[in-house]
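These notebook entries record what I looked up in one structure. I begin with a single residue and widen the view from there.

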Amino acid sequence: MQGSQQQYGSSGSSAISELKQWLSTPPANLPPQQQANPHAVAHAQLQALRDAGDSQYLFLRCILESSTSTTNPQDEELLFHCITGCRQVLLMKWKTLASVWKRGVRDYLWGLGMHSHASSRTIRMAYFNASASCWKRGWVEDMNAHLQGKAPPDATTTAPSQMEQA
């Protein structure tokens with residue numbers, strides 16, 4: 001699976017073009033009668049990419065690429081699947097990702113929901129949903145750390161102020 005994914009990973013191509021190519025290539029495990037159906041192929045490949053953990057961050061790269069240009073109306077469904085795929089992969093890999101990176105992606109998704117006025121309501125809500133999922137997962141971590149008497153992840157201690165030292 002990852003070998004197939006990596007064959008499309010080319011630094012010269014756009015992430016959206018790369019994903020479209022990936023989604024049009026039937027996976028080996030797809031039944032022969034479904035291989036001629038482009039929707040079945042795309043669905044199987046999206047699910048395979050999600051299940052594999054999207055090691056090349058193709059979903060996130062497509063979101064980044066889409067956020068810097070006007071989204072083609074034909075690509076809106078693809079963008080929706082990238083947002084939901086990114087959310088699923090983030091939550092699946094949550095414990096292995098750096099907290100600062102998770103917060104950065106979470107806040108970026110929220111910002112896209114707030115400021116992507118050219119996008120449809122569906123896309124904006126998908127951004128909010130993905131961001132909110134990350135917020136919720138972070139709350140659980142912070143609450144568990146608090147209940148165990150530990151500082152929340154990435155909490156920094158500050159030096160006591162001069163007033164506290166006096």
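**Entry 1**

I note the cut-offs: buried means under 20% relative accessible area, exposed over 50%, and partly exposed in between, with a 1.4 Å probe and protein chains only. The side chain of Asp 75 meets that of Lys 20 in a salt bridge, at 2.9 Å from N to O. Lys 20 lies in helix 2 and Asp 75 in the loop between helix 4 and helix 5 (76-92), so this pair ties together parts that are 55 residues apart in sequence. A salt bridge here is a side-chain nitrogen of Lys or Arg within 4 Å of a carboxyl oxygen of Asp or Glu.

**Entry 2. Source and conventions**

I am working with a predicted model, in which local features need pLDDT of at least 70 and side-chain atom pairs count only at pLDDT 80 or more, while totals for chains, interfaces and linings use all residues. Residues are numbered from 1 along each chain as its sequence is written, and side-chain values use heavy atoms, with hydrogens and water left out.

**Entry 3. The chain as a whole**

I recorded eight helices and zero strands in the protein chain. Helices (H or I, at least four residues) and strands (E, at least two) are DSSP runs, numbered from the N terminus. Of the 166 residues in the protein chain, 36% are buried. I then turned to contacts, meaning heavy atoms within 4.5 Å. Among contacts between residues at least 6 apart in sequence, 59% join residues at least 24 apart.

**Entry 4. The other salt bridges**

How many salt bridges does a search of the whole structure find? I noted three. Side chains of opposite charge can pair when their charged atoms come close.

One of the three salt bridges joins the side chains of Arg 61 and Glu 18, at 2.6 Å from N to O. This pair links distant parts of the chain, with Arg 61 in helix 4 (residues 58-67) and Glu 18 in helix 2, 43 residues apart. Glu 18 is buried, with a relative accessible area of 4%, whereas Arg 61 is partly exposed at 28%.

I also found a salt bridge between the side chains of Arg 106 and Asp 107, at 2.9 Å from N to O. Arg 106 is buried at 10% relative accessibility, and Asp 107 is partly exposed at 41%.

**Entry 5. Helix 2 and a residue that touches it**

Which residues of helix 2 are buried? In helix 2 (residues 15-23), I listed Ala 15, Ile 16, Glu 18, Leu 19, Trp 22 and Leu 23. Seen down the axis of helix 2, these buried residues fall within an arc of 160 degrees, so they line one face of the helix. The arc is that of the directions from the helix axis to the C-beta atoms.

I next looked up Leu 58, which is placed in helix 4 and is buried at 2% relative accessibility. Leaving aside neighbours within four places in sequence, Leu 58 is in contact with Ala 15, Glu 18, Leu 19 and Leu 49. The C-alpha atoms of Leu 58 and Leu 19 are separated by 7.0 Å, although the two residues are 39 apart along the chain.

**Entry 6. A buried arginine**

I found Arg 50 in helix 3 (residues 38-52). Arg 50 is buried yet has no salt bridge, and the nearest side chain of opposite charge, Asp 51, is 7.4 Å away. For charge, Lys and Arg count as positive and Asp and Glu as negative, while His and the chain ends are not counted. The side chain of Arg 50 does make a polar contact with the side chain of Thr 84, at 2.5 Å. A polar contact is a pair of N or O atoms within 3.5 Å; within protein, one must be able to donate a hydrogen and the other to accept it, and residues adjacent in sequence count only if both atoms are side-chain atoms.

**Entry 7. Two cysteines**

A disulfide is a pair of cysteine sulfur atoms within 2.5 Å, and I recorded zero disulfides in the structure. Cys 62 is buried at 1% relative accessibility, and Cys 82 is buried at 2%.
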